[in-house]
Amino acid sequence: MNTRKPQSLQVVGSHAGLPEPLLQVQDVSLEYRSAARTVRATHRVSFDVHRGDRFVLLGPSGCGKSSLLKAAAGFIAPVEGRIALNGETVSGPGPDRVVVFQEFDQLPPWKTVRENVMFPLLASRRLGRRDAEARALHWLEKVGLAPFADAYPHTLSGGMKQRVAIARALAMQPEVLLMDEPFAALDALTRRKMQEELQLLWEELRFTLLFVTHSIEEALVVGNRILLLSPHPGQVRAELNSHQFNLHSAGSDAFQRATQRIHGMLFDEAAAAPAVQALHRSAAS
Ligand SMILES: Nc1ncnc2c1ncn2[C@@H]1O[C@H](COP(=O)(O)OP(=O)(O)OP(=O)(O)O)[C@@H](O)[C@H]1O
């Protein structure tokens, strides 16, 4: 658990001295094209995710957060720019990037909890049936659902379904776990509990996380780095270090100040300008 005293938010500039990023998003523009029109979802967005990061994409509805996550997953291709994992251009989906979605129906209802977790391990031919079953049970234990291994998804609460989806994703041991507003459909108490459980899992396993949310509080609690995106089409407003915050600092003065500052950067052009200038200044130095 992070017990460091909360400090003020730092705008991130240069990453000089850091090892090669695990996931690189370079000048990525994403578009949806139909015969009638073209929608530009993001405009030349760049960011680097390092191994063990809890990297959050934060911005208003429609700024292209989910589109960026889908592009990192390989479901959609950039119209300009490049996404690379371990230096290799992402050209399609792969078992090294697993997505947890918001929707509870991401679990096939005809499979038990155990079979749901086993399914990608078997489909990707990572493991044979016996090993897949052992691994599924291991991960169900980690998320506290081993007693429900033989249950069907419709008998579970929303939070339990999301735990199964997390177990299923982590069982694949992906290079990056991609989460698209995974707790947004849960009630406030369950959402907080799930954020805590995710934090505890990360403390234990140090996986790499790319997490989408439009909640400033959730971004501060979940992330160690936050990319702020402008309204549609999404462009980078600023990148912040937020490792000093966690569920225990939520509600503190420093947390409230950080929330207000981010709110200003996201929604108030005048407040955003100095942050972006600071970003450029430190990137140039
Ligand atoms: N399949 C699609 N076809 C056409 N346009 C799309 C499609 N998916 C997304 N868009 C558009 O792309 C833009 C970005 O959408 P996206 O879902 O990535 O934003 P978001 O930041 O995740 O929003 P939200 O927080 O509301 O989920 C929006 O203008 C949206 O209408």
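Student: Is arginine 206 buried or exposed?
Tutor: Count the other C-beta atoms within 10 Å of its own, each placed from the backbone: 20 or more is buried, 12 or fewer is exposed, and in between is partly exposed. Arginine 206 has 12 of them, so it is exposed.

Student: What kind of model is this?
Tutor: Residue numbers run from 1 along each chain as its sequence is written. Local features need pLDDT of at least 70, side-chain atom pairs count only at pLDDT 80 or more, and totals for chains, interfaces and linings use all residues, as this is a predicted model.

Student: Is glycine 234 buried or exposed?
Tutor: Glycine 234 is in the loop between strand 10 (225–229) and strand 11 (236–241). Contact here means C-beta atoms, placed from the backbone, within 7 Å; beyond four places in sequence, its partners include Ala41, His43, Cys63 and Leu229. With 28 other C-beta atoms within 10 Å, glycine 234 is buried.

Student: What is omega for the cis peptide bond between histidine 232 and proline 233?
Tutor: Proline 233 sits in the loop between strand 10 and strand 11. The cis bond joins it to histidine 232, with omega at about -10°.

Student: What span should helix 5 have?
Tutor: Helix 5 has 18 residues. The expected span is 1.5 Å times one less than the number of residues.

Student: What arc do the buried residues of helix 5 cover?
Tutor: The buried ones are Arg191, Met194, Gln195 and Leu198. The arc is that of the directions from the helix axis to the C-beta atoms. They lie on the same side of helix 5, because the arc is only 105°.

Student: Which residues are exposed on the other side of helix 5?
Tutor: The buried residues of helix 5 are covered by elements including helix 4 and helix 6 (216–222). On the other side, the exposed ones are Leu189, Leu200, Glu203 and Glu204.

Student: What is phi for glutamate 181?
Tutor: Glutamate 181 lies in the loop between strand 8 (176–180) and helix 5 (188–205). It has 19 other C-beta atoms within 10 Å, so it is partly exposed. Although it is not a glycine, its phi is positive, about 45°.

Student: How many residues does the largest nonpolar core have?
Tutor: A nonpolar core is a set of buried Ala, Val, Leu, Ile, Met, Phe, Trp, Tyr and Cys residues joined through C-beta atoms within 7 Å. Helix 4 (residues 158–171) gives the largest share, 7 residues. Leu210, one of those with the most contacts inside the core, touches residues including Leu23, Phe55 and Leu178. The total for this core is 72 residues.

Notes. Helices (H or I, at least four residues) and strands (E, at least two) are DSSP runs, numbered from the N terminus. Two residues are in contact if their C-beta atoms, placed from the backbone, lie within 7 Å.
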